[in-house]
Amino acid sequence: PIYGRRRINSLGEMPILSGMLYCADCGQKMYQVRKRTWTHDQERFICSTYRKIKGGCTSHLIHDVTVETFLLEQIQKLILQISKNEGRFVSTVLNKSKKEAESLINQKTLEYNQTIERIRKISVIQKHLYEDKVDEKITEDMFYRQLRSYEQEETLLKERLSELTVTLTQDTDVIKGTERFLKIAHRYDPFEELSADMIRELIEKVYISDRDMQDDRNRIKIKWNFIGDYSIE
């Protein structure tokens, strides 16, 4: 395969996969291993946790060209699918995304309602605190300590409520994400080179599993931008 031009750094051309690979087990970024004397075929990635913490994870070692070849094949297949039957692609993505979005929305809606209820309860508790202070049922020191504690909790809950409001809005909008992905895919149809820009526009993350004991190969999983874990047929 032919690969696109890469940026230059102190070791030469910047790898097109830089910052895109993640360990499928610990979730941390994969570390690029390079040397001035190496050819591109020798360049590889290992799990950064494995590199930093003894026994923290396994190496997940994989060569750059292995991942590049896989991504090239997958992107070509995906773009071919879209060009042959865009309607079917959109339908598949929206049905899958809708189910995932509905699940997330249900979870976040529950948390949203629980957060509102807790804020309401804190308001009631604070009112009782003032009454207990007036009736001298608690000391002034205890009153202020408890009041500060509830005020801090209330502040955090309101911040979380604001976050949930934003994410609930985002989760319900799966159609726009699919449309954005299609526009990007159409720009690269047709293509021969795998470039850093293409990878970053189409893909959010690439997960690398450790070598399988049976076939001695790493498993590679793509999380696409906007359409998530879409499986190519």
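H60 is buried in this predicted model, with a relative accessibility of 0%; buried denotes under 20% relative accessible area, exposed over 50%, and partly exposed the range in between, with a 1.4 Å probe and protein chains only. H60 lies in the loop that links α1 (48-52) to β7 (62-63). Helices (H or I, at least four residues) and strands (E, at least two) are DSSP runs, numbered from the N terminus. The phi angle of H60 is positive, at about 55°, although H60 is not a glycine. The model is predicted, so local features need pLDDT of at least 70 and side-chain atom pairs count only at pLDDT 80 or more, while totals for chains, interfaces and linings use all residues. Residues are numbered from 1 along each chain as its sequence is written, and side-chain values use heavy atoms, with hydrogens and water left out.

Two further backbone features were found. F226 is a residue other than glycine with a positive phi, near 70°. F226 falls in the segment after β10 (220-224). Its relative accessible area is 35%, so F226 is partly exposed. The peptide bond from D189 to P190 is cis, with omega near 0°. P190 sits in the loop between α5 (174-187) and β8 (193-194).

Helix α1 contains T49. T49 is buried, at a relative accessible area of 13%. Beyond its neighbours within four places in sequence, T49 is in contact (heavy atoms within 4.5 Å) with C26, Q28, G56 and C57.

An open sheet of three strands has the order β4-β9-β10, with mixed pairing. Two strands pair if DSSP finds at least two bridges between them. β4 (21-23) and β10 are the edge strands; each has a single partner, so one side of each lacks a neighbour in the sheet. Direction ignored, neighbouring strands of this sheet are turned by 30° against each other on average. Axes are lines fitted to C-alpha atoms, for helices over the stretch in contact, and angles run from 0 to 180 degrees between N-to-C directions.

Strand β9 (residues 203-208) runs antiparallel to β10, and five bridges join the two. Helix α2 (residues 64-84) packs on the sheet and touches β4, β9 and β10. The direction of α2 makes about 50° with that of β10. The covered face of β10 holds I220, I222 and W224, whereas K221 and K223 make up the uncovered one.

The expected span of a helix is 1.5 Å times one less than its number of residues. The 21 residues of α2 should therefore span 30 Å at 1.5 Å a residue, and the end C-alpha atoms are 30 Å apart, in agreement. Buried residues of α2 include V67, L71, L72, I75, L78, I79 and I82.

The mean pLDDT of the protein chain is 86, and 86% of its residues reach 70 or more. Among the elements, β4 has the highest mean pLDDT (97) and strand β1 (residues 2-3) the lowest (40). Over residues 1-7, pLDDT stays under 50, and the model has 24 contacts beyond four places in sequence for this stretch. Where pLDDT is low, the predicted coordinates should not be read in detail.

Definitions and conventions:
pLDDT is the predictor's confidence in each residue, from 0 to 100.
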